[in-house]
Amino acid sequence: MSDLNALAERVAERLIARGETVAIAESSSGGLISAALLAVPGASKFYVGGAVVYTARARLTLMDIPQKAMDGLRSASEPYAVMLARVARKNLKATWGLSETGAAGPDGNRYGDLPGHTCTAVVSEETSVSATLETGSDERPANMQAFAGAALRLLLETLDG
């Protein structure tokens, strides 16, 4: 977690200095993004909440995203990651929304993505960026760490402009 903690501290620094907040919706990283951010002292100044949105039921119950909103979308895609980040931001009234969705392994997902595939997104009122990462690994714990790191790096890069 030390790499994640270092990234989270840098993100926290930026958010606190700007007086901004972040909401998280993560899937295959299993809560590691939130854990890294919450490990930073003073997290209540910038972290407003998060959810591990691992199933369709979680998507509906935790995010209030109905199945109809998924028409034309598939999980583990950049458009879906953007939607998750937007909803997290809106529902929790945060400055920024950060999301991650993928296939940690050891198997791929039902959409044909190989293990080690994730999509991340960062949104604000004016900004929407997304990225895809392919680790080429089927090592679940390592992929989860890589996915959380990719999400935090995308947020940091976006904050740094």
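User: What covers the buried residues of helix 1?

Analyst: This is a predicted model, in which local features need pLDDT of at least 70 and side-chain atom pairs count only at pLDDT 80 or more, while totals for chains, interfaces and linings use all residues. Residues are numbered from 1 along each chain as its sequence is written, and side-chain values use heavy atoms, with hydrogens and water left out. The cover of the buried residues of helix 1 includes strand 1, helix 2, strand 3 and helix 5. Helices (H or I, at least four residues) and strands (E, at least two) are DSSP runs, numbered from the N terminus.

User: Which residues of helix 1 are buried, and what puts them on the same side?

Analyst: Buried means under 20% relative accessible area, exposed over 50%, and partly exposed in between (1.4 Å probe, protein chains only). In helix 1, Leu 4, Leu 7, Ala 8, Val 11, Ala 12 and Leu 15 are buried. These residues cover an arc of only 140° around the axis, and therefore lie on the same side of helix 1. The arc is that of the directions from the helix axis to the C-beta atoms. On the face turned away from that buried side, helix 1 carries the exposed residues Ser 2, Asp 3, Glu 13 and Ala 17.

User: How do you know that the span of helix 1 is close to the expected one?

Analyst: The expected span is 1.5 Å times one less than the number of residues. Helix 1 has 17 residues, and its reach of 24 Å from first C-alpha to last is close to the expected 24 Å.

User: Why is Gly 19 called exposed?

Analyst: Gly 19 has a relative accessibility of 64%, and therefore counts as exposed. Gly 19 sits in the loop between helix 1 and strand 1, and its phi is positive, near 70°.

User: Why does Ser 75 count as buried, and which residues is it in contact with?

Analyst: The relative accessibility of Ser 75 is 13%, so it counts as buried. Contact means heavy atoms within 4.5 Å. Leaving aside neighbours within four places in sequence, Ser 75 is in contact with Arg 59, Met 70, Tyr 80, Thr 101, Tyr 111 and Asp 113. Ser 75 belongs to the loop between helix 3 and helix 4.

User: What makes a nonpolar core, and which residues touch the most other members of the largest one?

Analyst: A nonpolar core is a set of buried Ala, Val, Leu, Ile, Met, Phe, Trp, Tyr and Cys residues joined through side-chain atoms within 4.5 Å. The largest core has 29 residues, of which Val 11, Val 22, Ile 33, Leu 37, Phe 46, Leu 98 and Leu 152 touch the most other members. Two or more residues each come from helix 1, strand 1, helix 2, strand 3 and helix 5. Helix 5 gives the largest share, nine residues. Apart from this core lies another, of 14 residues, including Ala 25, Val 53, Met 70 and Tyr 80.

User: Why do strand 2 and strand 5 stand at the edges of the sheet?

Analyst: Two strands pair if DSSP finds at least two bridges between them. The open sheet has five strands in the order 2-1-3-4-5, with mixed pairing. Strand 2 and strand 5 each have a single partner strand, so one side of each has no neighbour in the sheet.

User: How do you know that strand 4 is paired with strand 3 and strand 5, and how many of its residues are buried?

Analyst: Seven bridges join strand 4 to strand 3, and the two run antiparallel. Strand 4 also runs antiparallel to strand 5, with seven bridges between them. Seven of the seven residues of strand 4 are buried. His 117, Cys 119, Ala 121 and Val 123 point one way from strand 4, while Thr 118, Thr 120 and Val 122 point the other way.
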